[in-house]
Amino acid sequence: MAEVEITPEFIFSAMHHPGIPAALQSVADRVVQRASSIAASEGVEVEVTTTSGVRPKGRPYVNVVADNVDQEWGSSRSGKYRILGRAAEGV
């Protein structure tokens, strides 16, 4: 069996493959869809969106963001729903 050497150049070229940002966005979109569905079924008001970019060393990312922080961990005004956490589990 042939040996494969994983070099920093190989990792850099893999990070910059044109399909990577699209794949990350696809997964993030599925998490957004699941989170919105869970929130609607439980009557929680939350808007779920994505933000994307490139980290300082060149790694692309897509984050799923909710505008109702209290619903995730709970507070004195809100219960703990863990909408984003549960949505990400199924993806």
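The model is predicted. A search of the whole structure finds three salt bridges, whereas the search for aromatic pairs finds zero.

**Salt bridge Arg86–Glu42**
- Arg86 and Glu42 form a salt bridge in which the closest N and O atoms are 2.9 Å apart.
- Arg86 belongs to helix H4 (residues 83-89) and Glu42 to helix H2 (residues 19-42), so this pair ties together parts that are 44 residues apart in sequence.
- Arg86 is partly exposed, at 28% relative accessibility, and Glu42 is also partly exposed, at 34%.

**Salt bridge Glu72–Arg82**
- The side chains of Glu72 and Arg82 meet in a salt bridge with an N to O distance of 2.9 Å.
- Glu72 lies in helix H3 (residues 69-73) and Arg82 in the loop between H3 and H4, so the pair ties together parts that are 10 residues apart in sequence.
- Glu72 counts as buried because its relative accessibility, 9%, is under 20%, while Arg82 is partly exposed at 24%.

**Salt bridge Asp70–Arg77**
- A salt bridge links Asp70 with Arg77, with the closest N and O atoms 2.7 Å apart.
- Asp70 is partly exposed, with a relative accessible area of 23%, whereas Arg77 is exposed at 71% relative accessibility.

**Strands S1 and S2 and their loop**
- The charged end of Arg55 sits over the ring of Tyr61, 4.5 Å from the ring centre.
- Pro56 is found in the loop between strand S1 (48-54) and strand S2 (60-66).
- Pro56 is exposed, at 89% relative accessibility.
- Between Pro56 and Val46 the C-alpha to C-alpha distance is 30 Å, with the two 10 residues apart in sequence.

Terms used. Residues numbered from 1 in each chain as written. Predicted model: local features only at pLDDT ≥ 70, side-chain atom pairs only at ≥ 80, totals over all residues. Heavy atoms only, no water. Phe/Tyr/Trp six-rings, centres within 6.5 Å; stacked < 30°, edge-to-face > 60°. Lys NZ or Arg CZ within 6 Å of the ring centre and 35° of its normal. Helix = DSSP H or I, 4+ residues; strand = E, 2+ residues; numbered from the N terminus. Buried < 20%, exposed > 50% of the residue type's maximum accessible area, 1.4 Å probe, protein only. Salt bridge = Lys/Arg side-chain N within 4 Å of Asp/Glu carboxyl O.
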